[in-house]
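This report describes how one part of the chain packs against the rest. The structure is shown below.

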Amino acid sequence: MQTILSFDTDDQMTIGSALQISTRVLNEYLRSLDLSEVPVDIERVARFHGVTSIEPRRLKVEGYLGCLPNDQLFIRFKLGSSPERQRFTIAHEIGHIIIARIQGRIIRGPIARANVRDDDEERL
C-alpha cells in the first residue's frame, strides 16, 4: 500500500493545516488513481486504501469502519440510506483511514463506533 502523506504526530493539526493536507491528498488521488472524472468512483478509492468489503447492514449509526482479525478493512453503511448518503458515509470512513495513516496509527482488530470518540476527527 502506498503512503500518500506523512504527518509529524508532534505537530498540532489545525483546521487550516487539515484543509491543506486534504487538498494535497485529493490532488495525489487525482494523479495516482486517474480520478479526473466526477463523480469519483468512491469504491475504487476505498480499495486503494485497503478496504476489501463495502456492504449495507441494519445499523443504528450511518456507518462504520472495521478491521477483521486478518487485518482486512471493511466499511458498513446503513441499509436503506440514499445513494448520496451511502457515498458520503463511505468517503467519511475512508477519511478515518487517511487520518490514521497521517497520524502513524495502524487500524487493527475489530472496530466499531465507541462511546469515546475523537470529536475533532469527526468534524474534519
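Setting aside neighbours within four places in sequence, Ile107 is in contact (heavy atoms within 4.5 Å) with Leu65, Cys67, Leu73, His96, Ile97 and Ala100. The model is predicted, with local features requiring pLDDT of at least 70 and side-chain atom pairs pLDDT 80 or more, while totals for chains, interfaces and linings use all residues. Residues are numbered from 1 along each chain as its sequence is written, and side-chain values use heavy atoms, without hydrogens and water.

Ile107, together with Leu73 and Ile94, has the most contacts inside the largest nonpolar core, which has 18 residues. Such a core joins buried Ala, Val, Leu, Ile, Met, Phe, Trp, Tyr and Cys residues through side-chain atoms within 4.5 Å; buried means under 20% relative accessible area, with a 1.4 Å probe and protein chains only. The elements α1, α2, β2, β3 and α3 each supply at least two core residues, and the largest share, 6 residues, comes from α3.

Helices are DSSP runs of H or I with at least four residues, and strands are runs of E with at least two, numbered from the N terminus. Among the buried residues of α3 are Ile90, Ile94, His96 and Ile97. Just after this helix, Gly104 takes a positive phi of about 80°.

| Property of α3 | Value |
|---|---|
| Residues 83-102 | 20 residues |
| First to last C-alpha | 29 Å |

The expected span is 1.5 Å times one less than the number of residues.

The whole structure holds 1 aromatic pair (Phe, Tyr or six-membered Trp ring centres within 6.5 Å; planes under 30 degrees apart stacked, over 60 edge-to-face, the rest tilted). The ring centres of Tyr64 and Phe74 lie 6.0 Å apart with planes at 80°, so the pair is edge-to-face. Tyr64 belongs to β2 and Phe74 to β3, 10 residues apart. Phe74 counts as buried because its relative accessibility is 10%.

Note on methods: Buried < 20%, exposed > 50% of the residue type's maximum accessible area, 1.4 Å probe, protein only.
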